[in-house]
Amino acid sequence: MSDGPAAAGRATAGGGRRASQALWLGASFALAFGVWEAAGRWPVSPAFPPFSATVLALGRLAADGSLARAYASTLQPLVIGIAVSAVAGIGFGIGMGLSRAVEWVSLPVFVIAQAAPMAAIIPLITYVYGIGLTAKVLAVVVLAVPVITMNSYKGIRHTNPSLLEMCRAFLGTRRQQVLKVVLPHAGGLVFAGLRLGVAMGFIGVVIAELLITPTGIGDLITYHSSVADYPEMFAAIASIIALGAVTVRGLERLERRLFPPEIRGA
Amino acid sequence: MTPEAAVEVRGVGKTWETGVEALRDVTVALPRGRLTTLLGPSGCGKTTLLKIIGGLVRPTAGEVRVAGRTVEGPGPERAFVFQDFALLPWATVLRNVAFGLELRGVPREAREAIARGRIAEVGLAGFEASYPHQLSGGMRQRVGLARALAVEADIILMDEPFSSVDEQTRRQFQEDLLVLLRDRGKTVIFVTHSIEEAVYLSDRVVLLSPRPGSVARVLHPAIERERRSADEIRRDKNYLDAVDEIWQILKQYVR
């Protein structure tokens, strides 16, 4: 998730500035890949293939269909897990933000869950739910839910008190207050929570596939590493990193478009 | 000339949960159709008193009566203008001005028609589709004022509305406010810590003493405002006398 020079990009930026930003971004990638190529040819280690070999391996994986099969299997627990986390996380977050009782019961759990290295309980999940899809979905959920919940909760709880008072002064009911002030105010933070949740979900699914049973992209990585096909192994690793980075970056752009900072309440 | 009271404050006291006593035994009648300022040094509880009148804060002693009924909470006959504007940052000027009507369930077309009228009256025609962050502080407060005017309340409660507005804008806004209110017959209760602002704007100045706040004095600056410019008013003998008189009283609190 490199925050390259493009991070400064604004929707309002002129075409010239955008072009020069793209140029810088390209240069930065070229430099990184160049160093990778040099290090692979040197070689740093026999298990470290140069960039070009990795790209060729990626082409082979794509051509024989194994990459597509791997992602079809990896994206399943990821997508289901993110969907479950979004519903549960936003639900709990809003519930905790609106009700002191719900907050009292569940806040400590989520505060601990957000701070703790949740990956440590993935073996425990296997113990209870076996090695199937359920366990992998749960691995995603366990990592993604805390950050989604806490962000939604903070979004609700940090509503500008002056806006709440205004709503009350103009005879708004509690329902109107929630629908017209609190939720729109929290929208930006909720979406930011989703973005962070997706990033955590990628971590969760890869850990699950490496730790529970090798399937999908995790299978590609472990298999090719076991038979010493290092370019293929690196190609698999690079592909999941790239997919994660591009997805999260895309969500970040969408977030800036939907909730521009200047009209965002929080 | 004793206009009937629009708002009666009777023995109001307020002690916060922290034990701090903000107001003690405040009794004052605020005349209908006039502009009354609540003036006092910071910490005299003037904003608290305004919020009690608005029904946003419950008094711990006494009561406020509006049109003969005890205030239990906010009501349709009272509208609030907030010190920090309290505009929805994600809503346009039009929606912000219409927001009070939106909360009352007025259909979109009707409320937007009313809002457009008020926006024009406060001098913001053309800014209907702007967002608050695109406006200056003074313009934002005009939006706040338009929102209060849109709900057709008889009583307008203004909490230091010009305190975060620069001096030039503030003077222009004060003049515009007098023009806007002149023929509407609104009862305005206006909180400020500026002596000049209080005297310039109001028919009646309620001076509060600090900690706990209580009524120190009620003055009636008899300033002739009809057909006179702002500068003429500011040179008026009664204006200058009232400013001086209030300063003599307030001086003893600022040590």
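The model is predicted: local features need pLDDT of at least 70, side-chain atom pairs count only at pLDDT 80 or more, and totals for chains, interfaces and linings use all residues. Residues are numbered from 1 along each chain as its sequence is written, while chains are lettered from A and ligands numbered from 1 in the order in which they are written. Helices (H or I, at least four residues) and strands (E, at least two) are DSSP runs, numbered from the N terminus.

**Helix pairs in chain A**

- Two packed helices are described by the angle between their axes and the distance between the axes.
- Axes are lines fitted to C-alpha atoms, for helices over the stretch in contact, and angles run from 0 to 180 degrees between N-to-C directions.
- Helix α6 (residues 133–157) of chain A packs against α8(A) at about 160 degrees, and their axes are 7 Å apart.
- That angle makes α6(A) roughly antiparallel to α8(A); angles under 35 degrees count as roughly parallel, over 145 as roughly antiparallel, 65 to 115 as roughly perpendicular and the rest as oblique.
- α6(A) and α8(A) make a right-handed crossing; a crossing is left-handed if the near helix is turned anticlockwise from the far one by less than a right angle, and right-handed if clockwise.
- The contact of α6(A) with α8(A) contains 21 nonpolar, eight polar and two charged residues.
- Helix α9 (residues 216–226) of chain A and helix α10 (residues 230–258) of chain A have axes that come within 8 Å and cross at roughly 155 degrees.
- α9(A) and α10(A) are therefore roughly antiparallel to each other, and α9(A) passes α10(A) in a left-handed crossing.
- Among the residues of α9(A) that meet α10(A) are Ile217(A), Leu220(A) and Ile221(A), and among those of α10(A) are Met233(A), Ala236(A) and Ile240(A).
- The contact of α9(A) with α10(A) has seven nonpolar, two polar and one charged residue.

**Contact between the chains**

- 15 residues of chain A are in contact with 18 residues of chain B, where contact means that the C-beta atoms, placed from the backbone, lie within 7 Å.
- On the side of chain A that touches chain B, α7 (161–169) and α8 (174–211) of chain A each give two or more residues.
- α7(A) gives the most to this side, with six residues.
- This side of chain A is made up of seven nonpolar, four polar and four charged residues.

**Sheet in chain B**

- Six strands of chain B form an open sheet in the order β6-β7-β8-β3-β9-β10, with mixed pairing; two strands pair if DSSP finds at least two bridges between them.
- β6 (78–81) and β10 (214–219) of chain B are the edge strands, each pairing on one side only.
- Strand β3 (residues 35–39) of chain B pairs with strand β9 (residues 204–209) of chain B in the parallel sense over four bridges.
- Leu38(B) has Val206(B) as its bridge partner in β9(B).
- Helix α8 (residues 237–251) of chain B lies across β3, β9 and β10 of chain B and runs at about 160 degrees to β10(B).

**Domains of chain B**

- Chain B is divided into domain 1 (24–77 + 154–255) and domain 2 (88–152), with bounds from an automatic or database domain assignment.
- The centres of the two domains of chain B, taken over C-alpha atoms, are 24 Å apart.
- Nine residues of domain 1 of chain B are in contact with seven residues of domain 2 of chain B.
- Helix α5 (residues 167–182) of chain B supplies the largest share of the domain 1 side, four residues.

Notes
Two residues are in contact if their C-beta atoms, placed from the backbone, lie within 7 Å. Ala, Val, Leu, Ile, Met, Phe, Trp, Tyr, Cys and Pro count as nonpolar, Asp, Glu, Lys and Arg as charged, and the others, Gly among them, as polar.
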